[in-house]
Amino acid sequence: MLIAEHVTKTYRNGKSETTAVKDASLSLIPGELTVLVGQSGCGKTTLSRILAGIIPPTSGSVLLDGQSVVPPARRKNRRLNAEIQVVLQDAGSALDPHFSVYRSIAEPIRNLLRLSKAEEKARVTSLMERLRLPSALADRRPGELSGGQLKRVCIARALATAPRYLIFDEATSGLDVLVKESILDLIRELHRETGAATLMITHDMDAALYMADRIAVMLRGEIVENRPYTGDPGCLEHPWSRRLVEQMEPYA
Amino acid sequence: MRELKVSELSVSLKDKGQPLVDKLSFRLGAGESLILLGQSGCGKTMTCRAVMGLLEKSRFRVSGSASLDGGELLGMPEKHRAGIYGKKVAFVPQNPMTALDPSVSIGRQMDETLHLHTKLNRAQRQARIRASLLEAGLEETERVCHSRPNMLSGGMIQRVLIALALSTGAELVIADEPTTALDVVLRNETVDAFVRLRAKGAAVLFVTHDFAAARRLGGEVLVMREGTLVERGDVREVWASPEKEYTKALVRASALSKGARHADR
Amino acid sequence: MAKRLFRNPQAILGLALILIVLLAALLSPLLAPHDPNATDLTKRYLAPCPEYPLGADELGRCELSRLLYGARASLGISFPVLLILAVLGLFLGALGACCGRVPDQILTFVCDTFISFPQLVIAIAVIGILGTGVRSVILAIVVAMWAWFARMVRSYAALEMGKDYILAARLSGCGTGKLILLHLIPNILPQFLVYLSTGVASSILMVSGFAFLGLGLPPETAEWGGMLSSARGMIYTHPEMLVYPGVCILIAAAGFNLFGEALRDVLEGEG
């Protein structure tokens, strides 16, 4: 389990202080798909980056099976790196413009796993197949791909090391509704197949309710509600969660 | 403005035959809204750009007509266009940050625009700016006025542009994907600002891929795919009972959680 | 990118000028009709003739030969200088941008200190300490210009470091060395080439400047700046002796500058 306990993150800018995350606790459990939903600027991305060990919390702890996950540890520990992977929000800028699709997907394999060239090739090929990326795309650069394809390459990259914990930061923002649906379905399928503990961060309440096994609602840095979700939006109790649901057109 | 009338509008690239917009016709009157809905590449943005006369003659072939109160907009000379856009017609782009000067406060920019387009004195201008910001749903008017664009969120900037359209009394407001980057709460506040704009007698041409936003706005919807019209009608009726498969897919994708997924697992 | 570069008239002009200077430098032993340092006092101020196409100077040396060898001297110094500056700039700039705050602050401080002095003053000081010779001229120019290169690389690298693909590379287990070599340098290379190209121009000007002032190179060396300097006395009697090396300096410097700026325009058009 990946557990964040009483995590607080404060940014200091000169004399003023802003608290991005306030005393938040969240656990990622294998087999469970958690959605963290909140408005932009509510601190959800910061919390996800703390969970992933990209930035350190000001106070509180993040533990993976009892072992602390903080940036220096993450950077040095290959296993930790391979086990927690993040799909960043903006697929267009999350891929090196000079890297071909093949090289982008192969990069984490080369850095984190010790595989032979043939094994690496087999793995990249099967990942591309799994994510419905035509093999003809292998030599293309990011600039030549569509938004949906870019997203798939990013997901393939994150899956390359077979992580047990997967974090998607705004997986569908900026995508067309139909592409969004296909990416969400894909994430769901991958989650079922791999059983990886998955955290999805989104401002899109509709996507949240579509995907969640567990839903956590964040408001101004605090997690105000965190409960299992079985398909009835009525189970959400906090006034802010209720407001988010009511704002959705089908529930209005 | 009485009406915007577009008939048989076609747009294609000069060097390719495939039309980007194929014989599109619609009519938009004062106090009404019209929604162009479809995925990226369906021709909705191209239609807007054609109506605004922004398609370069060297690259695009435009045919048909688009007239504003009888005056033809297509192929209008540059000089003429400047007299209409910014005053009679306002534009709210997808990325609103680029529409404002990042180094000047919102209040000053709005004041300059009003100074340019109206004969109001300073006090009147200030009063109108405050009133229109309120109307666009921005309640902290003082803070907004004193902020530079980068100090505000995307949703707030959208509404600043709507306020600008309100304050200059624009008669036609063209909005290209104004709610795409926003969460539900902000999206609804922004759409509601368009509703108020419409209530004041402006016509709203709204481009989106999000059926939920379209439904909240209301009005006639034109569902487009690859430059052609798929289905048209009142947005709430189309949402409730879409006829074409493509429209059904769009409606479903705009309200995923209402679907049957939780039942099937 | 290459295609668009070759459609840009400014780039082609710049490239053509660079090519002329480059060929002159490479082929000077073949092209030069005479030994550039062979003096023949009977031929002083000889007017142009088939044997001496541009005439001879005050010591009867073939002007054309000296100009051709001058290209060799200019580029022979500028290219090593640029090579050193490129490696040093990329290394230090990347170090500043991705190795934490303290190295960055030290680098910025040292760079700012160097940049606050005029380049020529630093170079003259270095030559004053090291004495004359090609090697000390190279070193002098490197010391005078490195801070500009390091700071330029640092600022571009810092911009790239803020982008998501760098974070993504880190997440996929990229160490700092790999990050710099595989991701950072390829992505700032185009802008760096622009800077390098204009850097060659300023280095050529600096070499000529030194020779003109009589610094660094042995006085008899065939070098445009030195030729310009010795022709000063003949400005009323033989002004063409002043014009020839001047035009050469202009062609070389303009070539690299024009090409560098065209490259920048093409890159900006793409970005």
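**View 1. Chain C as a whole.** Chain C holds ten helices and zero strands, where helices (H or I, at least four residues) and strands (E, at least two) are DSSP runs numbered from the N terminus. The model is a predicted one, in which local features need pLDDT of at least 70 and side-chain atom pairs count only at pLDDT 80 or more, while totals for chains, interfaces and linings use all residues. Residues are numbered from 1 along each chain as its sequence is written, and chains are lettered from A and ligands numbered from 1 in the order in which they are written. Along its principal axes, the C-alpha trace of chain C spans about 75 × 45 × 30 Å. Of the 271 residues in chain C, 44% are buried, a residue being buried if 20 or more other C-beta atoms lie within 10 Å of its own, exposed if 12 or fewer, and partly exposed in between, with C-beta atoms placed from the backbone. Among the contacts in chain C with a separation of 6 or more, 70% are between residues 24 or more positions apart; two residues are in contact if their C-beta atoms, placed from the backbone, lie within 7 Å.

**View 2. The packing of α4 on α6 within chain C.** Helix α4 (residues 101-115) of chain C and helix α6 (residues 134-161) of chain C pack at an angle of about 135 degrees, and their axes are 9 Å apart; axes are lines fitted to C-alpha atoms, for helices over the stretch in contact, and angles run from 0 to 180 degrees between N-to-C directions. That angle makes α4(C) oblique to α6(C), given that angles under 35 degrees count as roughly parallel, over 145 as roughly antiparallel, 65 to 115 as roughly perpendicular and the rest as oblique. The crossing of α4(C) and α6(C) is left-handed, a term used if the near helix is turned anticlockwise from the far one by less than a right angle, with right-handed used if clockwise. From α4(C) the contact takes C:Leu107, C:Cys111, C:Phe114 and C:Ile115, and from α6(C) it takes C:Ala147, C:Trp148, C:Ala150, C:Arg151 and C:Arg154. By class, the residues of this contact of α4(C) with α6(C) are seven nonpolar, no polar and two charged; Ala, Val, Leu, Ile, Met, Phe, Trp, Tyr, Cys and Pro count as nonpolar, Asp, Glu, Lys and Arg as charged, and the others, Gly among them, as polar.

**View 3. Helix α7 of chain C and the contact with chain A.** In this region, 13 residues of chain C are in contact with 17 residues of chain A. On the side of chain C that touches chain A, the elements giving two or more residues are α7 (164-171) and α8 (176-213) of chain C, and the largest share, six residues, comes from α7(C). Helix α7(C) is mostly covered, with six of its eight residues buried, namely C:Tyr165, C:Ile166, C:Ala168, C:Ala169, C:Arg170 and C:Leu171. The cover over these buried residues of α7(C) includes β6 and α4 (101-112) of chain A, together with α6 and α8 of chain C. Just after α7(C), C:Gly173 takes a positive phi of about 90 degrees.

View 4. Six strands of chain A form an open sheet in the order β6-β7-β8-β3-β9-β10, with mixed pairing; two strands pair if DSSP finds at least two bridges between them. Because β6 (84-87) and β10 (222-228) of chain A stand at the edges with a single partner strand each, one side of each is left without a neighbour in the sheet. Strand β3 (residues 33-37) and strand β8 (residues 197-202) of chain A pair in the parallel sense over five bridges, and A:Leu33 has A:Thr198 in β8(A) as its bridge partner. Helix α1 (residues 44-51) of chain A packs on the sheet, touching β3, β7 (165-169), β8 and β9 (214-219) of chain A, and its direction makes about 155 degrees with that of β8(A).

**View 5. The contact of chain A with chain B.** Of the two pairs of chains in contact, chains A and B share the most contacts, with 24 residues from chain A and 24 residues from chain B. The axes of α7(A) and helix α10 (residues 245-254) of chain B come within 9 Å and cross at roughly 60 degrees, and the two helices are therefore oblique to each other.
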